[in-house]
Amino acid sequence: MSFTGAVKSFGDVRAVAGVNLEIARGETVALLGRNGAGKSTTISLLLGLNEPDEGSVALFGGPPETAVRAGKVGAMLQETRPVPRVTVQELISFVAGRYPAPLPVPDALELAGIAELAGRRVDRLSGGQGQRVRFAMALAGNPALIVLDEPTAALDVEARHAFWESMRAYARRGHTVLFSTHYLEEADAHADRIVVIDHGRIVADGTGEQLKRSVGGNLVSFDLAGRGTEGLTLLPGVVSVEVRGDRARLRTDDSDATVIALAEQGAIRGLEVVPASLDEAFMALTSSAPSDVLETV
Amino acid sequence: MLDYLRLEVRRTLRDTGFVIGGIAMPVMMYLLFTNLGGGDDGEWKTASMVGMAAYGAVGSALNTGGGVAEDKVIGWLRQLRVTPMTPREVVLGRALTGSVTVLPAITAVLAAGGLVNGVRMDVWQWAAIAVLLWLGSIPFTLLGLGNGYRLTAQTTGVANMVCNLGLSVIGGLWFPLALFPGWLRSLSAYTPTNRFAQLGVSVADGHAPGLGAMAVLTAWLLAFGSYAVFSYRRSARTV
């Protein structure tokens with residue numbers, strides 16, 4: 001699939017402001033961004049639910065609608081409520097039946113972890129179970145690409161864990177998966193590649209490792225052991241200083257110089273140098289105002 | 001699309017509100033209206049049977065629109081858009097659902113007429129009335145779809161109820177037109193419900209429906225059909 005300079009506005013709001021993106025077959029890609037960053041709009045463009053005002057979106061080499069009609073796409077949309085008065089079995093069989101080469105329904109239910117709910121009515125399930133039914137709807141047709149819009153929103157930890165297990169099992173079959181999330185850990189743990197979107201633009205694109213490195217910098221921390229914090233910001237390389245309890249955390253873009261300077265002052269108790277976390281990378285990437293630079297890592 | 005029809009018919013028949021309001025109510029009203037106060041008027045028993053079967057059919061047909069409005073709100077229509085089903089299939093499937101779900105009301109009221117109230121007609125008349133009421137309900141399904149696609153779930157419910165009660169009463173489905181003042185009677189002749197019931201009444205009287213009935217119903221079919229298409233087009237972008 002590919003986006004080329006896609007733009008979509010709602011009124012004055014540019015929800016998607018010129019996105020360029022390509023995803024290859026078999027990849028598991030996370031679309032990471034805060035609420036309102038443009039993730040859902042990007043997904044609706046991809047699925048052909050909306051049309052871009054400018055630019056183009058191609059799925060499997062053609063317009064999204066054609067790919068959807070051909071049964072190459074399954075989707076789990078946000079903000080849908082359970083369909084009343086049908087059983088899980090009826091619903092999934094119906095959806096599967098729309099596709100040219102669907103999964104056998106028992107397999108689809110098994111993969112989504114809802115085999116034992118087959119006879120239950122969809123509108124009488126718990127939130128987590130309902131979420132898995134929606135996941136089953138996305139994969140029932142055995143489509144080459146599944147798109148999951150914030151699939152784990154409102155799931156508890158256990159349900160979330162089970163959900164990702166299912167997702168990985170599906171991806172292992174060689175399918176392309178694109179999911180959106182605002183949870184960094186999820187993106188890092190479950191995707192081959194993370195696309196960070198902010199203010200309707202892609203601000204970074206790469207593996208979790210690459211993202212961390214792109215922001216650069218390390219975190220040097222040590223025990224203050226009673227000494228003051230004055231002068232720490234003046235040490236070579238230090239960008240910011242944070243004190244938590246008795247521990248100082250210095251963000252630095254030259255950790256060697258910082259450590260040497262600290263050593264000269266004898267402040268090396270419990271000294272630790274760690275790379276910046278993905279969390280920090282994400283903050284650094286998205287906190288700035290919308291920039292015109294499209295950064296590709 | 002048959003699968004879609006089957007799924008939606010199932011969902012409708014499992015709706016307690018539909019079963020009570022769309023099937024049980026017309027039957028009960030029919031039995032009540034024809035058996036209060038002696039109730040030995042055979043002609044009224046037949047006319048009211050057709051009227052109440054028509055009323056039930058109108059309610060069930062409009063109910064399809066309520067279903068659409070509900071599906072719009074819960075995101076089911078949006079979900080269908082990301083399956084290989086075409087929008088055309090979805091609309092057509094919904095319209096067909098409407099035409100299937102009117103059958104229980106028609107059958108139930110006719111059965112109450114024949115079995116409880118002792119209405120006697122030839123077999124062909126029973127069959128012709130059932131078929132005519134079935135086909136004649138199509139404009140009302142379209143009206144319901146128009147409301148459902150155009151309005152929110154709540155306003156669709158209200159709009160359908162107003163259409164149903166208003167058209168049924170003015171159309172003479174509940175009470176004989178003879179009780180109406182002259183001006184209302186002439187207005188009634190232009191309502192789709194009045195002409196809809198006439199299809200069945202003329203057959204009960206042993207002759208084919210008149211041209212007037214066909215003409216008025218066709219005009220309403222076109223009007224409601226355009227309304228449905230227009231509403232659908234307008235909503236298609238936002239569903």
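Guide: Let's settle handedness before anything else: a crossing is right-handed if the near helix is turned clockwise from the far one by less than a right angle, and left-handed if anticlockwise. This is a predicted model, where local features need pLDDT of at least 70, side-chain atom pairs count only at pLDDT 80 or more and totals for chains, interfaces and linings use all residues, while side-chain values use heavy atoms, without hydrogens and water. Residues count from 1 along each chain as its sequence is written, with chains lettered from A and ligands numbered from 1 in the order written.

Now to the helices of chain B. H2(B) covers residues 16–35 and H3(B) covers residues 42–74 (helices are DSSP runs of H or I, at least four residues, strands runs of E, at least two, all numbered from the N terminus). Their axes come within 9 Å and cross at roughly 165 degrees (lines fitted to C-alpha atoms over the stretch in contact, with angles from 0 to 180 degrees between N-to-C directions). H2(B) is therefore roughly antiparallel to H3(B) (over 145 degrees; under 35 is roughly parallel, 65 to 115 roughly perpendicular, the rest oblique). The pair cross in a right-handed sense.

What meets what? From H2(B) come Phe18(B), Gly22(B), Pro26(B), Met29(B), Tyr30(B), Phe33(B), Thr34(B) and Asn35(B). Sorted by class, that makes nine nonpolar, seven polar and one charged residues (Ala, Val, Leu, Ile, Met, Phe, Trp, Tyr, Cys and Pro are nonpolar, Asp, Glu, Lys and Arg charged, the others, Gly among them, polar).

H3(B) itself has 33 residues, which should span 48 Å at 1.5 Å a residue, and its end C-alpha atoms sit 48 Å apart, in agreement (the expected span is 1.5 Å times one less than the number of residues). Of those 33 residues, 24 are buried, so H3(B) is largely enclosed by the rest of the structure (buried is under 20% relative accessible area, exposed over 50%, partly exposed in between, with a 1.4 Å probe and protein chains only).

Leaving out residues up to four places away in sequence, it touches Phe140(B), Leu167(B), Leu217(B), Trp220(B) and Phe224(B). Its C-alpha lies 8.3 Å from that of Pro139(B), 53 residues apart in sequence.

Over in chain A, there's another crossing to set beside this. The axes of H3(A), residues 88–97, and H4(A), residues 105–112, come within 10 Å and cross at roughly 115 degrees. That angle makes H3(A) and H4(A) roughly perpendicular, and their crossing is right-handed. On the H3(A) side you'll find Val88(A), Gln89(A), Ile92(A), Ser93(A) and Ala96(A), facing Val105(A), Ala108(A) and Leu109(A) of H4(A). The class tally there is six nonpolar, two polar and no charged residues. For context, chain A has 10 helices and 13 strands, and 51% of its 297 residues are buried.

How values were computed
Contact means heavy atoms within 4.5 Å.
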